[in-house]
Amino acid sequence: MLTPEEALAQDDKRIMEEIWHFLDSANFVIAHNGRRFDLPKLKTRFLLHGMNPPMPYQIIDTLDIAKKEFGFLSNRLDFINDQLGLDRKIHTDFNLWKGCRNGDQESLSKMEEYNRNDVLILEETYTKFRPYIKS
């Protein structure tokens, strides 16, 4: 988690180094819309911090699977999980983002809780989708 000081200074280098090491050691990365959103954002931050790309890894994107294999009315992770009776995202609003940017410790802690929950609910979705993944 970013410290309040790092948030105020908009200094995410320590966190980006941790993420880089995680990705560099990964064989597979599971994400929802990671191919088009999360991973390009991460690569941009790596580049801005003068970091080389991590070693190659396979991406399993549950958004791509949802679009290819199913016909949900919405492909948002929260909607899919609701339809499947799985755990849902924690509600956030713009004030949480502003609090994080302003170094508010309570907001940073809430954002960490939100992110940890996102990982757990994505794991549930992936587990449900896994029998439908062809490759």
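Predicted model: local features only at pLDDT ≥ 70, side-chain atom pairs only at ≥ 80, totals over all residues.
Started with Phe 72, which comes out as partly exposed, at 21% relative accessibility.

I went on to the ring partners of Phe 72. With Phe 129 it makes an aromatic pair of the stacked kind, with 6.5 Å from centre to centre and 25° between the planes. I noted that stacked needs planes under 30 degrees apart, and this pair has 25°.

Where do Phe 72 and Phe 129 lie? I found Phe 72 in the loop between helix 4 (62-69) and helix 5 (77-84), while Phe 129 belongs to helix 7 (residues 105-129). The pair therefore ties together parts that are 57 residues apart in sequence.

Is Phe 129 buried or exposed? I get 2% relative accessibility for Phe 129, so I put it down as buried. The cut-off for buried is under 20%, and Phe 72 is at 21%, so Phe 72 goes in my notes as partly exposed.

**Rest of the rings**

I counted aromatic pairs for the structure and got 4. One of them is Phe 70 with Phe 72: the ring centres are 5.7 Å apart and the planes sit at 55°, so I call this pair tilted. Phe 70 is partly exposed too, its relative accessible area being 25%. I also checked how the rings group, and Phe 70, Phe 72, Phe 129 and Tyr 132 make up one aromatic cluster.

**Helix 2**

Next I looked up helix 2, which covers residues 13-24. I tested its length: at 1.5 Å a residue, its 12 residues should span 16 Å, and the end C-alpha atoms are 16 Å apart, which agrees.

Which residues of helix 2 are buried? I listed Ile 15, Met 16, Trp 20 and Leu 23. Looking down the helix axis, I see the buried residues of helix 2 fall within an arc of 140°, so they line one face. They pack against strand 1 (28-31) and helix 3 (34-48). On the other side of helix 2, I have His 21 and Phe 22 as exposed.

**Gln 58**

Last entry: I picked Gln 58, which lies in strand 2 (residues 58-61). Leaving out residues up to four places away in sequence, I find that Gln 58 touches Asn 27, Phe 28 and Val 29.

How values were computed
Residues numbered from 1 in each chain as written. Heavy atoms only, no water. Phe/Tyr/Trp six-rings, centres within 6.5 Å; stacked < 30°, edge-to-face > 60°. Buried < 20%, exposed > 50% of the residue type's maximum accessible area, 1.4 Å probe, protein only. Helix = DSSP H or I, 4+ residues; strand = E, 2+ residues; numbered from the N terminus. Expected span 1.5 Å × (residues − 1). Arc of directions from axis to C-beta. Contact = heavy atoms within 4.5 Å.
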